[in-house]
Every structure is written in structure tokens, then in C-alpha cells.
Amino acid sequence: MNYKTAPAEKSTVKVTISYSKEEWDDAINKAYARTKSKYSVPGFRKGKVPKPVLENFYGKGVFFDEAFNILFSDSYPSILEKEKANFTSVGDPSLSVDEISEEKGVTLTAVVPVKPDVEIGSYKGLKIKKYEYNVTDEDVDKEANKILLAKAETVDVTDRPCKSGDTVNIDFSGSVDGVKFPGGTAEGYDLELGSGAFIPGFEEQVEGMKIDEEKDINVKFPEDYQAADLKGKDAVFTVKLHSIKEKKYPELTDEFVKANAGSETVADYKAKCRERLERQAATRSLNETENSIIKAISATAKAEIPDAMIESEIDKMVQDFSYRLMYQGIKLEEYLQYMRTSMEQFRSQFRASATERVMSTLVIEKIVRTEKIKAEPEEIDAKVAEQAKSVGKTAEEYKKGMDPRQLEYIENDIIITKLFDFLKANNELYTD
């Protein structure tokens, strides 16, 4: 087997592979052995038909496809391994047959999508926005009061109209141009006003209704609504309100937090809330600032990203969305049916974000290579020791039980931390 490579268009590499007559004959024999039981010829038992008879009965090319697969699957991984310093495959190749000759053998061509090189305009000396989030007393009070939700009592309301925060039980029936649409009708539906569960304008118009009141509500579907045939359409919902419920919350006292939060006083409990919120704010500030840095650098970058990389990133995003639905007891297929959209349309909404993510990854990898940023052995050992200490083990004990992927994660984490330290030191970060 011989091969040669050549750059092709849009971040692909053309790999031309030539197999000798002997290799081709051997692949044909292997293909015959693997597939002969699939074919029947009058006068022969299935699986016992000689190869020449099958070739004569079904045609000379009866084993070609299987033989191509045998040759390619045996040689392609080794080619990728040999060429890993020159290119990295990021998807399945497109395979074609250039020549089949009983005297010379076979020549195949694989067009391989590869990770592109990215050209970065600049990653130093840029002016980049830095994000900072501060925790206010109001934030702390709001966080502290969340504990009251679990102990809240729901009571019926009969002496006033409904308001934001109430849960109302309603019947509704929606129509566009006088025609009802799927998913627009329900009976006995519990809706928390102010939750944003319905399209803009719906909940606000329910507010103020009284028990047994019936009302027509006029709304407009958003232009980015999931169901294409409802985008931007005016709709009328006939709503009847059956009941109103509100939540009564206990008072946040020293006795309450001692019994329910493990704190001696409200002040102690709020101090813990503030500490937690400040950690969250610091993490948010860090993440958004680092995203801001990569976004600013990516804006100066150029790369011919192959579709295979974008589609792979979309796969991950769809899978993440599917997992989130599963936690709510919903299957992705059911969600698509409810939203009246196809998988193709659903995937298309992730394309821009997927492209941005891929470009960001390419930019990060390019800077790491250019600046020769790496994790030193002593830095990895220090991280391992830190993790070991957190679970009460020695570094040696902890390392023995580690998955190799965990060590890889630690190494990557160190590299990314050093990368952003470098970028922050070499760019001007400003706040509003």
C-alpha cells in the first residue's frame, strides 16, 4: 500500500491510496469469505457457492464494496497515525474509487476534513471589557428569603382579583384569524402569574381577573417563536378563571433559621448567604471576562472551519439540551413535536453558536501552541496533592486510583489557567 496527501479546499486533505494487485486480490477473497452466506445460486447450498460462480452469477463487482471497506479500514487508521504531525482528522472522510485494474490493483481517494489552522490578527495589546459583579444587601435578602419558599403555605383567595405571584387555575383557548391552533387550548391549567411561562402580554392581562370571570386576551407571538407558522401572528385567547391561590410565607427569625438552616441567628445565616453569593459572583465575573477576552481575539481571527467540526459541536449542544429535557421528564422527540419543528430546523438554531465555539477552541489552541504554554510536572503533582488532601488521602494513594482522563483534565486546567493569566497580563481590561 502506498499513499500520498495533498491539501484540498475548505480545510480538507486529499489522501490518494494505491493498493497492489496482490492486496486487492486478498481483499476480494476476504470479502467473499465474509459475505458468501448472503448469496443464493440455484443448485448450490447457501454459503457454499464457489467465488467464481458468484462472480459470474451476480457480476464481477459483487464483492467490490466489501473489499473496498476491508482495504480502507485496515489502512486508514495507520495513515492518520503517520500523518498526525501534519493534520488532524475531524470527521469521516468522503471516499471515492479512482481506478480498478486486475493488473495494477486499486486506487482510492479519501477527502478528509481536518482541523484548520487559524490566523489571529492580534491577541496582545487589545482593549477588552472586564466584567465585575458585586453582591448587594438586596441580593443577600433575596437569597436568604428563598429558604422560606419550602415552608410556604398555599391558601385560597376569594376576596380579591388575582395579582402577580398568585397561582390561578384557568381554561384557555387560543386562535389565530379565528382558527384554533394545536397546543393553544387547555382546561384546568395552573399558571403562576409573573413566571413568564406564557408569551409576553398573556399573564399581564390575566392579572386583575376575578373568580368565574371570562375574558378575551389579545397577544402577539414573538418573531422568534419556535413554531414557524405562529411567528409574529396576532392571537386571541379566551380565558376563564376558576380559582386563585397565594403563598403565605413564615417570618425569617432566629428560631426559624436555627431549625431550618443550621444557623444560630438570622445575621449568621445572611453572612453565609453573602459568602455563597460572592463566590458565585466571582465565578461569573471570571467566566464572563475570559469569554470576553476570547471573543475579542476571535473577532480578529480567520479560519476555514469544515462543516464536520460545526456539526460535531451542534451534536454536543443538542445532546446537552436533550439531557436538560430528560430532567423534566420530556423526550426531545416530544419537545420537537410540541414545538412543531423538525430536527433539521432545531439543529439550525445552534449553528451560529456552534461556529463561535469552534472558532474559540481553535484560537485557544493556537495561542497555547504559539506561546508554548504547558503544564509542568510539578504543577500537575501539586494539583493532585491538593485533590488528594481534600478526600483525606496521600498523593500517592490518590494518584493510583485516578483515571488517566482525570490527569488529562488537570493538565488542561493548568494550561487554560496559565493561558488566561498570560492574556490578562498582555491586554488592557476595562470596566464600564
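## A salt bridge one turn apart

Let's start in helix α8 (residues 307-327), where K316 and E313 are three residues apart and therefore separated by about one helical turn. (Helices here are DSSP runs of H or I with at least four residues, strands are E runs of at least two, and both are numbered from the N terminus.) K316 forms a salt bridge with E313, and their closest N and O atoms are 3.8 Å apart. What counts as a salt bridge is a side-chain nitrogen of Lys or Arg within 4 Å of a carboxyl oxygen of Asp or Glu. K316 is partly exposed, with a relative accessible area of 48%, whereas E313 is buried at 13%. Those words have cut-offs: buried is under 20% relative accessible area, exposed is over 50%, and partly exposed is in between, using a 1.4 Å probe and protein chains only.

Before going on, note that this is a predicted model: local features need pLDDT of at least 70, side-chain atom pairs count only at pLDDT 80 or more, and totals for chains, interfaces and linings use all residues. Residues are numbered from 1 along each chain as its sequence is written, and side-chain values use heavy atoms, with hydrogens and water left out.

## More charged pairs

Side chains of opposite charge can pair when their charged atoms come close. By the salt-bridge rule, the count comes to 34. Helix α1 (residues 21-35) holds both K30 and D26, four residues apart, about one turn of the helix. Their side chains meet in a salt bridge of 3.4 Å, N to O. K30 is partly exposed at 36% relative accessible area, and D26 is partly exposed at 39%.

Now for a pair that spans the sequence. K366 forms a salt bridge with D117, with the closest N and O atoms 3.3 Å apart. K366 lies in helix α11 and D117 in the loop between β4 (105-113) and β5 (119-120), so the pair ties together parts that are 249 residues apart in sequence. D117 is exposed, with a relative accessible area of 54%.

## Two helices against α14

Helix α11 (residues 351-370) packs on α14 at an angle of about 85 degrees, with the axes 11 Å apart. (Axes are lines fitted to C-alpha atoms, for helices over the stretch in contact, and angles run from 0 to 180 degrees between N-to-C directions.) That makes α11 roughly perpendicular to α14, a label for angles of 65 to 115 degrees; under 35 is roughly parallel, over 145 roughly antiparallel and the rest oblique. The contact (heavy atoms within 4.5 Å) is made by I364, I367 and V368 of α11 and I415, I416, L419 and L423 of α14. These residues divide into seven nonpolar, no polar and no charged. Here Ala, Val, Leu, Ile, Met, Phe, Trp, Tyr, Cys and Pro count as nonpolar, Asp, Glu, Lys and Arg as charged, and the others, Gly among them, as polar.

Helix α12 (residues 377-390) also packs with α14 (residues 404-425), at an angle of about 115 degrees and with the axes 10 Å apart. Residues making this contact include I380 and V384 of α12 and L407 and I410 of α14.

## The loop residue I373

Which loop holds I373? I373 is found in the loop between α11 and α12. I373 is buried, with a relative accessible area of 13%. Leaving aside neighbours within four places in sequence, I373 is in contact with V368, I415, K418 and L419. The C-alpha atoms of I373 and G208, 165 residues apart along the chain, are separated by 62 Å.
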